[in-house]
Amino acid sequence: MEKTINRRDFIKTTTATTAGVATLATGITLTTFVNANENPVTNEKRWGMLIDTNRLTETDIDGMVSACQKEHGWGSDKLSTGDQKASWIKKLKVKDTATGRISNLALMCQHCEEPPCVDVCPTNASMKREDGIVLVDKHLCIGCRYCMMACPYEARSFVHEELTDQKEHMPRGKGTVESCTMCVHKVDKGEQPACVASVNSDAVIFGDLYDSSSKINQTLKKVQSTQIRADLNLNTAVRYSGI
């Protein structure tokens with residue numbers, strides 16, 4: 001999905017330069033999976049992403065979307081149409097009305113430090129790991145969609161149809177909500193998220209926001225960056241430069 005929106009309405013100011021009812025993959029629960037990594041998840045790390053809109057091209061964003069679809073198996077829903085189709089990454093165009101400049105933007109779950117989706121979930125299906133990654137436990141999700149209404153980024157999707165050929169590492173299910181997981185199954189093994197690995201430049205940098213020696217931390221100290229809807233004080237893990 002691609003749309004053009006007003007830059008001022010989109011980011012709302014401020015910059016930052018600081019560091020259930022489901023059919024799931026057999027034998028796999030998300031809760032079990034995310035705690036099965038060799039290194040325990042702690043709050044000593046916080047995974048984040050910096051997206052440079054000056055370097056990110058439309059082709060790059062298309063590649064990010066394709067990589068995410070391939071990795072997690074979404075995007076092939078045959079019955080859903082329009083806004084009902086799953087969309088873990090959205091391709092947006094943001095226009096500065098003062099200059100007419102248009103930036104290409106990839107928008108996904110922002111993995112907020114204070115996630116509204118977690119606050120409103122009645123079953124604790126929406127959860128935030130100690131390292132800041134926000135997830136949905138499909139076995140607890142009852143499909144009430146409160147989290148979808150609470151998310152200011154419209155980053156979550158609802159599964160309307162029966163699913164087949166699911167990925168073992170990412171169980172999906174009819175009647176549940178889903179969104180970007182920051183490729184937690186890869187991150188826990190020391191790998192990059194699929195969308196980041198698909199970009200052959202520093203247009204997207206992934207790493208530990210708390211590690212002063214990490215590339216993302218060092219870069220954020222040098223460039224002006226923006227949180228989308230920073231006025232909400234959610235302290236997002238995904239930052240943008242160039243807008």
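Trainee: In which sense do S3 and strand S4 (residues 102-107) pair?

Mentor: This is a predicted model, where local features need pLDDT of at least 70, side-chain atom pairs count only at pLDDT 80 or more, and totals for chains, interfaces and linings use all residues. Residues are numbered from 1 along each chain as its sequence is written, and side-chain values use heavy atoms, with hydrogens and water left out. Strands are DSSP runs (E, at least two residues), numbered from the N terminus, and two of them pair if DSSP finds at least two bridges between them. S3 and S4 have six bridges, and the sense is antiparallel.

Trainee: Which residue of S4 is the bridge partner of Lys93?

Mentor: The hairpin of S3 and S4 has six residues between the strands, and Gly100 takes a positive phi near 85 degrees there. Across the pairing, the bridge partner of Lys93 is Asn104.

Trainee: Why is strand S3 (residues 90-95) largely enclosed by the rest of the structure?

Mentor: Buried means under 20% relative accessible area, exposed over 50%, and partly exposed in between (1.4 Å probe, protein chains only). S3 is largely enclosed because the buried residues number five of the six.

Trainee: Is Ser126 buried or exposed?

Mentor: Ser126 lies in strand S5 (residues 126-128). Its relative accessibility is 4%, so Ser126 counts as buried.

Trainee: What is the length of the polar contact between the side chains of Ser126 and Arg156?

Mentor: A polar contact is a pair of N or O atoms within 3.5 Å; within protein, one must be able to donate a hydrogen and the other to accept it, and residues adjacent in sequence count only if both atoms are side-chain atoms. For Ser126 and Arg156, the value is 2.6 Å.

Technical notes
Helix = DSSP H or I, 4+ residues; strand = E, 2+ residues; numbered from the N terminus.
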